[in-house]
Amino acid sequence: MGSQSDWPVMRLAAEILEELGVSHETRIVSAHRTPDRLVEYAKTARGRGLKVIIAGAGGAAHLPGMTASMTPLPVLGVPVQSRALSGMDSLLSIVQMPKGVPVGTLAIGEAGATNAGLLAASIVALEDPSVAKKLDQFRQAQTDKIGESPEA
Ligand code: RP5
């Protein structure tokens with residue numbers, strides 16, 4: 001994530017990964033304030049064995065796109081809700097990538113963070129049966145919670 005201030009939202013991605021048994025790391029890497037850290041992180045990610053990167057940022061949210069420009073790994077972008085423009089700035093900054101450098105962009109805020117974790121787990125599950133099983137169980141439990149009629 002781009003800042004400590006993103007953590008209250010981005011922790012939801014970490015929590016769902018934890019729940020699904022997907023090993024992960026959490027880092028603050030700012031495209032603007034720590035550019036050298038970003039280059040180092042993105043360029044070494046695949047060599048360190050990472051499979052997917054979730055990048056959450058707000059405002060002029062260049063972290064996901066710049067990360068995607070420096071790694072062949074799938075990059076999932078989470079637009080964090082900004083104070084000034086409620087996350088529309090974050091969303092547009094992340095989603096409007098030029099052809100050839102994709103970022104899989106999720107919803108603004110908490111839904112996006114959780115869904116980024118779920119999507120990352122789905123990617124990992126392609127080659128990890130234990131994660132696939134936990135993902136199936138998660139989805140079944142979610143379905144089971146939905147009543148057929150509204151309660152009074
Ligand atoms: C972005 O600027 C961060 O991702 C964060 O969402 C936003 C505001 O950062 P702070 O000023 O709260 O550190 O780089």
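Reader: Where does UniProt place the feature "binding site"?
Author: The model discussed here is a predicted one. The annotation itself comes from an unreviewed UniProt entry. That entry places the "binding site" at Ser3, Asp6 and Arg33.

Reader: Why can these positions be said to gather at one spot?
Author: The annotated residues, Ser3, Asp6 and Arg33, span 31 residues in sequence.

Reader: Is Asp6 buried or exposed?
Author: Asp6 lies in the segment that precedes helix H1 (7–19). A residue is buried if 20 or more other C-beta atoms lie within 10 Å of its own. Asp6 has 23 C-beta neighbours inside 10 Å, and therefore it counts as buried.

Reader: Which residues does Asp6 touch, not counting those up to four places away in sequence?
Author: Contact requires C-beta atoms within 7 Å. With residues up to four places away in sequence left out, the contacts of Asp6 are Met1, Gly56, Ala57, Gly58 and Val80.

Reader: Is Arg33 buried or exposed?
Author: Arg33 is found in the loop between H1 and helix H2 (35–44). Arg33 has 11, so it is exposed.

Reader: How many Å apart in space are Thr34 and Gly2, C-alpha to C-alpha?
Author: Thr34 also has its place in the loop between H1 and H2, and it is partly exposed, with 14 other C-beta atoms within 10 Å. In sequence, Thr34 and Gly2 are 32 residues apart. Their C-alpha to C-alpha distance is 9.1 Å.

Notes. Residues are numbered from 1 along each chain as its sequence is written. This is a predicted model: local features need pLDDT of at least 70, side-chain atom pairs count only at pLDDT 80 or more; totals for chains, interfaces and linings use all residues. UniProt positions are given in the numbering used here, feature names are shortened, and annotations may be inferred rather than shown by experiment. Helices (H or I, at least four residues) and strands (E, at least two) are DSSP runs, numbered from the N terminus. A residue is buried if 20 or more other C-beta atoms lie within 10 Å of its own, exposed if 12 or fewer, and partly exposed in between; C-beta atoms are placed from the backbone. Two residues are in contact if their C-beta atoms, placed from the backbone, lie within 7 Å.
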